[in-house]
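Thanks for coming, everyone. Let me walk you through one structure. Please have a look at the screen.

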Amino acid sequence: MVSSTFTDLKEHRAALIKAIEGQALKAVAMENDAAKPWGDLIESSLKMVRDAVAYVGVISHKYGQTEVDSQRNPAGLSLTEMEFREAQRLGRLTLIFVMGDDHPISKRHVETDPVKIKKLEAFRELAKKGRIYAEFNSLDDFRAKAIQSVAELRRVIEANPLLAKAPEPDSTDDPIPKAPAFYAEPRYIGSHQFIGRREELDRLSDWAAAADPHPLLLFEAIGGTGKSMLTWEWTTGHAMSPRSDWAGRFWYSFYERGAIMSDFCRLALAYITGEPIEYFQKQKIGELRDELLHHLQSAPYLLVLDGLERVLVAYHRADAAQVSDEEANDPTDQIARRDPRSAIRYEDDELLRALAGAAPSKILITSRLAPRVLLNQVGQPIPGALRFTLQGLRPVDAEALLRSCGIRGDSQAIQTYLKTNCDCHPLVIGVLSGLINDYLPDRGNFDAWAAASQLRLDHLDLVQKRNHILHASVDALSAKSRELLSTLALLSESVDYATLAALNPHVDRAARVPEPEKGGFWNRVRSVFWTRNEAPPNQEMEQDSDHAKARANLVATVGDLERRGLLQYDPSARRYDLHPVVRSVASGRLAIEERDCFGQRVVDHFSKQSHPAYSDAETMADVFAGVSIVRVLIKMDRYQQACEVLKTDLGVALIFNLDAASEVVALCRPFFPGGWAAPPRDVTGTFADHLTSLAMVSLLTSGANSDSESIIKVQLERVLKSKDWKAVSSWLISLAVALESESALSMAARSSMTSLGFALLSGDAESIFLARMIRFRHLFNEGNWQAAQEEWDQLDRLGRNWHRAAYRPGEAEERFAEFCLLRGMLTESILENAEQTARKGRSKLTINRLLKTRGLWHVERGAWRLAASAFDELLRNQRSVGRDDIIAESWLSLARFHLGELKDARLEMERLSSGKQWFPQALAELALASGDTSKARTCADAAYRWAWAEGEPHVRRWELQRASGLIAKLGMEPPKLPPYDPSKGGKYPLEDEVNAALAEARAEKKAQSANSAQA
């Protein structure tokens, strides 16, 4: 932190900040501290000290501003002295500069207040006491000493990273600098010195020039080729050369925890506008995209999106951080059979496409895979985008990189070896240097090492060469270094010091971990793992000499991994990380006993962290600890225990609270290696039932109907054999939902009716309620109003006190609101009651359904602005979790036309009808409103046929009535369509077996009743 008086030292502060940033450190100073609407000067000043890794104080001939506060500043100290004292209390590394008596200075910058003069003299003596300080007598003298002292400070920090730990910034802090100052979230951690790449740097500079017409450039390459290092070097050291008019430069890494496109947009907007990040927290991705594009098209910003592959389907899996290039290029866990290069969230694709038109701004992207949305049908970049595949270094640069690591040897031999054996791959060169420097007969001698080395890789491809060398480097590690590397590889992101210390391989855990408690695994992992209770664990360990020794050994182990290029440390963020390729190799080579031992440490660490009840979760951060534990347990093949954690409302919260069903699909997929219809691996009893149900619901919610039906069929067959009528009813409800989504209305109706029959047989009130609710929906969808009302009256009397995994608060009220809409009885009070119940129950799924009902209600009333608002919010919610809703999008286009916001109705109709799925009703109304009678007739005919479904009585009644009215307006005759033919309707899976079981169960119950009556 930079601490001093301000008005008299502006030039000195500027020189000091420049010296700090010149050492790749971040200056925590008021110049970089945007104005905040909260806190005061004392709070802000002390907060900067707490968030800094070191303190740099400059003392002039002014004592400085004093804030009156009887509680926090009873001695009336200046802010500068308060900052110094806080730094000493926290043990921060400290540099002190004291202005000499011969320094030229204006009279107004000399203290005249007698009281403050005494305080200044005392402060000077306090700051100088017991430490080396630098006295300066001119600005040039100060500048030279600042550069020298800060360089030494950087070396101290890098040599002793564990000594420079500081608390993480408070969540309320806004550390984002003001544009055009450079901003990185987070700063890039390089594993070695940047060398060469002149051609690539020139290519980037040519592209960045205003004359180049392409706003977007994609650098694509396998992991470890140096994409991040190259773009970081150019962004921080070269980007100002081709143009000096950047409105701002922003670097964002998707390798960090929680890095998603919406977070990128919020941080970019906070940086561009100067508003606090909280200002954008409630905005949806669509709103963020539009505002960001507005700013990018208004001024030339440079945005860098590093590691974008993490938002693609190929990386949508529980072990994304450990995915190898081989797996990414041949993915096995696609979402509903989507293209692996598509974005996980549909709206992210829209944003990426829009960024290709962000001129005059420039967007630089690095990725292992080229996002599909940036390529046309023949694999060429879309207009506005360039694509470049990054190769290895030039041999001469590869040699220079190796020599920069302290390696010596014959130049030609080095270049030939690097070209032949690793294609001059930068990451591998850094790792090779560790092997050569560790060659005991002649450390650092390439020629000697090469003569003795068994590595002969010329017959392998680049990925195989890279992995082979990485394996050799890991093999060369000491046992403790390999242990720490392997443990960190099980995690999905960088870690702070607290996590690193918790995973310290030098700590003797055997004496501290008690026998596991009895009970479920989740109870065990949440228990206290320390046997002594007289002091908090951290305090006790600090007092423990064994732990002090373990901490010292950890410093050496961390240094060993850093020296070998396997571990990276970011001093500004105070976090430790592995390159994704290193993470993949290290995690993939773990022996079973190592994986289990190291994985348990990770589980123990996260299980001791507090988190809100999952039923109250509102963000992914609220479920992070649980998701991390599940991922590691899956990696350890402890599927039963991973399932126990999922069953603690974690899976339910992901689906219903957060509407993140696709995340659950990714977590569930490893449990089903034989396909979704196969039993889950190594999970038994009720846990297997819960996991299978969770997988089915997440697949159904994600739109993967065929996969969900595969599960339903197998499970339905199983529970029929066991005569578990409650379970039979539940699976039939799920089947009815799946059939309805596929327009098999007659089968869905029969499935729901049979479900109710089994529920009544079971006598379980919750099952009866759920079966009546699905039956109620089928009845009103087909327009059977009286029967639907009777069904509602019966289910409404049953109450709402059901388990959250089976029923979401507000769901019944949402169904009733939809019923009222179709009958023409909907009111604002009915909608508001349903919405309040759903929000109180934190059910995003139900809220989204209510938004659709609200939007359709406003369409019927011609309230176009309100309709557009409802459908727009619904689409934002859906797309934020990777789903599309063509029906809502079509109604939104109609509303926008009536509001005068749709510029070209014809092009919009072509777009909405060009996909495999389209919704003709709204398009017919849009065509009629815009005067395109021919298109209106075509769409109206299609709308009528779609609403007719299987024929009377199995029709979509509301849509059919609306299509009929439209056909009448157009003077058309309705299509002559046949009524429902039971002989052609088909049967749902196991329908005969289900009916036979129901008839048999009813007969048995009737016989039992008769016997009871006779008795």
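What percentage of the 1015 residues in the protein do buried residues make up? The figure is 55%. Buried here means under 20% relative accessible area, exposed means over 50%, and partly exposed lies in between, with a 1.4 Å probe and protein chains only.

A word on the source. This is a predicted model: local features need pLDDT of at least 70, side-chain atom pairs count only at pLDDT 80 or more, and totals for chains, interfaces and linings use all residues. Residues are numbered from 1 along each chain as its sequence is written, and side-chain values use heavy atoms, with hydrogens and water left out.

Now confidence. pLDDT is the predictor's confidence in each residue, from 0 to 100. The protein averages 81, and 85% of the residues score at least 70. Residues 317-336 fall below 50, yet that stretch has 54 contacts in the model beyond near neighbours in sequence. Contact means heavy atoms within 4.5 Å. Residues 524-543 are also below 50, with 33 such contacts.

Next, the overall make-up. The protein has 42 helices and twelve strands. These are DSSP runs, numbered from the N terminus: helices are H or I with at least four residues, strands are E with at least two. Take the contacts with a separation of 6 or more: 73% of them involve residues 24 or more positions apart.

Let's zoom in on β8, residues 301-306. Six of its six residues are buried, so the strand is largely enclosed by the rest of the structure. In a regular strand, side chains alternate between the two faces of the sheet. On one side of β8 sit Y301, L303 and L305; on the other, L302, V304 and D306. All of these are buried.

Who are the neighbours of β8? Strands pair if DSSP finds at least two bridges between them. β7, residues 248-253, runs parallel to β8 over six bridges. There, Y252 has L305 as its bridge partner. β9, residues 362-367, is also parallel to β8, joined by four bridges. L302 partners K362 in β9.

β9 leads us to β6, residues 216-220. These two strands pair in parallel over five bridges, and L216 partners I363. Why is β6 described as largely enclosed? Because five of its five residues are buried. L216, L218 and E220 point one way, L217 and F219 the other.

Last stop: β10, residues 385-389. β6 and β10 pair in the parallel sense over five bridges. F219 stands opposite F388 in β10.
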